[in-house]
Amino acid sequence: MTKTVLLIEDDPQMRRLICDYLTEFGYDVEAFEDPREALDRFDRNPRAFDVVILDLMLPHMDGFDVCKKIKERHDVPIIISSARGDIGNKIHGFELGVDDYLAKPYEPRELILRIEAVLRRQGRSEKFQVGDLTIDPANREVTVEDFTVSLTPIEMDLLLYLLQKRGHAVSREQLIQAASLPPDTRNRTIDMHISNLRHKIGDDPKNPKYIRSQWGIGYKFIG
């Protein structure tokens, strides 16, 4: 099930960057510049959101005040994303009940990992069962017929990305980005990682159950 993020960030470039990255990793995002509009949306259905990404330096309201109002309405996980990275602000945030605090600047991939960790602690992440294959994204674990499969970090990133894009062809360039590989990584390197992944999960490329090659494009998760 797709997770939904409420993003409250007044910087247009940062807001667009976070939105694009979260969407790329399979999250639905509702983004707001004005915290008052975000709170109005949150009030209409607080349980619609799995996690809140909250800036502190906002127009009309301080981020900590927004945090208090959100926590008063519903105990949704909140991750602070702010340039105010001093220890005093961090302590104040945790005293208000935030679940994590990211000081800008940071790599977008780190935000994804923090979200996954928060959802794991909240028990909101779920396992996916596809035939004999079980994928636990939160714990980054894979089993086939109840036997644990040892995947490398790159193989796990590729599998999770293909799962998130289930039913849609993804290019090798997208897979390179999803696995945080250097931009000049060769396509053959991705093919090698996919080949190793297929072997480990028992997927025959000639008669695939999970990962199908898409001629001229890349790969598709079909399970």
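Start by selecting D62 and R84: their side chains form a salt bridge, 3.1 Å from N to O. A salt bridge here is a side-chain nitrogen of Lys or Arg within 4 Å of a carboxyl oxygen of Asp or Glu. D62 sits in the loop between β3 and α3, and R84 in the loop between β4 (78-82) and α4 (87-96), so the pair ties together parts 22 residues apart in sequence. Helices (H or I, at least four residues) and strands (E, at least two) are DSSP runs, numbered from the N terminus. D62 is partly exposed, at 28% relative accessible area; buried means under 20%, exposed over 50%, and partly exposed in between (1.4 Å probe, protein chains only).

A word on the model: it is predicted, with local features needing pLDDT of at least 70 and side-chain atom pairs pLDDT 80 or more, while totals for chains, interfaces and linings use all residues. Residues are numbered from 1 along each chain as its sequence is written, and side-chain values use heavy atoms, leaving out hydrogens and water.

Next, select K104 and D55, whose side chains meet in a salt bridge at 3.5 Å, N to O. How exposed or buried are they? K104 is partly exposed at 21%, whereas D55 is buried at 3%.

Now pick E30 and R41, another salt bridge, with the closest N and O atoms 2.8 Å apart. E30 belongs to strand β2 (residues 28-32) and R41 to helix α2 (residues 35-44), eleven residues apart. R41 is buried, at 15% relative accessibility.
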